[in-house]
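Hi,

Here is the structure I promised to hand over. Have a look at it first, and my notes follow below.

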2 protein chains.
Amino acid sequence: MRVSKLQAAENRERILKEASRLIRERGISGTGVDALTEAAGMTHGSLYSQFGSKERLIEDAVAYAIAAKGQEMSEVFAVSDYISKYLSAKHRDMPGGGCPIAALCCEIPRQSKGVRDRFTAGLRAIISQLSGRMECEIKPRQRDDKALAAIASLVGAIVLARAVNDPTLSDDILRATKKRLGG
Amino acid sequence: MRVSKLQAAENRERILKEASRLIRERGISGTGVDALTEAAGMTHGSLYSQFGSKERLIEDAVAYAIAAKGQEMSEVFAVSDYISKYLSAKHRDMPGGGCPIAALCCEIPRQSKGVRDRFTAGLRAIISQLSGRMECEIKPRQRDDKALAAIASLVGAIVLARAVNDPTLSDDILRATKKRLGG
DNA sequence: TGATTTAGATGACGATCGTAATTATACTTG
DNA sequence: CAAGTATAATTACGATCGTCATCTAAATCA
């Protein structure tokens with residue numbers, strides 16, 4: 001049951017794309033290989049042919065999600081826009097297409113070194129992205145610290161806003177954090 | 001195979017305690033009923049006798065963890081101590097005994113209503129705990145907003161500090177957030 | 001173009017998941 | 001105090017998990 005090289009590449013890409021969405025929606029340990037491959041229209045065993053193991057697929061899927069989101073956010077220039085977009089209801093309600101840092105952070109400590117390396121690199125990229133958009137008056141080191149603290153706020157806010165059961169409280173979390181960060 | 005009422009209560013308590021630790025360490029969907037009951041020295045089926053389902057046990061375990069942590073943190077009075085303790089390396093490196101909000105937040109959106117209700121109540125408790133420790137000069141509403149934003153920072157920082165692979169970056173996250181919050 | 005190699009999807013496998021029927025014994029009550 | 005009842009733990013069950021051997025067809029080269 002072998003397919004053409006082109007088709008195989010397409011299958012791989014489709015698995016990666018669906019996987020990057022699924023793990024953000026259902027979590028890493030909450031997504032079985034069955035779901036991962038079925039979303040791409042194949043039987044679950046094909047994951048092993050393409051990636052060798054679930055762990056490897058997760059590594060690639062995390063990298064895929066981070067790269068895609070990084071590119072998307074690189075097109076936002078003003079810091080206030082960056083913050084507003086991140087703390088929007090739209091972002092909160094769409095974890096599958098949202099920030100992979102926020103969606104996966106709690107599971108990362110239990111993942112393979114490869115996953116954690118990619119996650120750390122992704123976080124570093126966001127830090128410099130945000131730091132680079134800040135006023136140039138202050139020193140780079142202080143700017144990085146400020147960016148670091150801001151990202152912690154952003155991630156914490158979106159994660160909590162998704163977790164709570166009360167829509168009003170959820171909105172309050174986003175609003176209060178936006179106010180504090182000046183978005 | 002039945003045991004005394006006292007012993008059964010002890011077993012239940014032991015399962016709850018171990019469960020509240022395990023889910024913080026391994027995640028909710030990452031902890032099987034086998035692990036949950038084995039940690040309490042019993043076979044996995046006993047979970048069903050005591051709690052009816054895994055979901056029910058998780059509800060109780062989340063409530064248990066939140067109650068225990070809430071009481072522990074209620075003994076800290078100064079805001080700066082609260083922040084310092086929360087953002088300490090000790091807290092970062094001990095998720096099983098640490099803040100359940102930070103440990104579970106990412107999985108909460110996918111849990112039962114009961115779990116999310118308990119989580120939301122727990123977050124509300126922390127908000128008022130922190131808000132109550134702030135200067136009384138500003139209005140209660142503004143104080144709550146400030147507390148809300150602070151908690152988002154705290155949670156985001158500890159979660160990211162646990163996730164990254166680089167100890168220096170991890171320390172930086174805690175330090176930068178502490179600086180920004182004035183802990 | 002036909003034989004050989006290689007890559008990729010399938011289906012079968014053991015392990016582990018959560019649940020429910022079974023069993024044994026502590027409580028209850030006549 | 002003995003017989004019946006209720007309850008808690010064990011054990012067995014189907015479903016799903018992740019992995020790997022198998023098979024098929026595309027790619028390679030004479």
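The surface near DNA strand D is made up of 10 nonpolar, 13 polar and six charged residues. Here Ala, Val, Leu, Ile, Met, Phe, Trp, Tyr, Cys and Pro count as nonpolar, Asp, Glu, Lys and Arg as charged, and the others, Gly among them, as polar. This is a predicted model, where local features need pLDDT of at least 70, side-chain atom pairs count only at pLDDT 80 or more, and totals for chains, interfaces and linings use all residues. Residues are numbered from 1 along each chain as its sequence is written, while chains are lettered from A and ligands numbered from 1 in the order in which they are written.

Two or more residues each come from H2 (33–38) and H3 (46–51) of chain A, and from H1 (5–26) and H3 (46–51) of chain B (helices are DSSP runs of H or I, at least four residues, numbered from the N terminus).

Chains A and B also touch: 39 residues from chain B and 39 residues from chain A take part (contact means C-beta atoms, placed from the backbone, within 7 Å). On chain B's side, H9(B) gives the largest share, 13 residues. By class, that side has 20 nonpolar, eight polar and 11 charged residues.

Cheers

Notes:
Contact = placed C-beta atoms within 7 Å.
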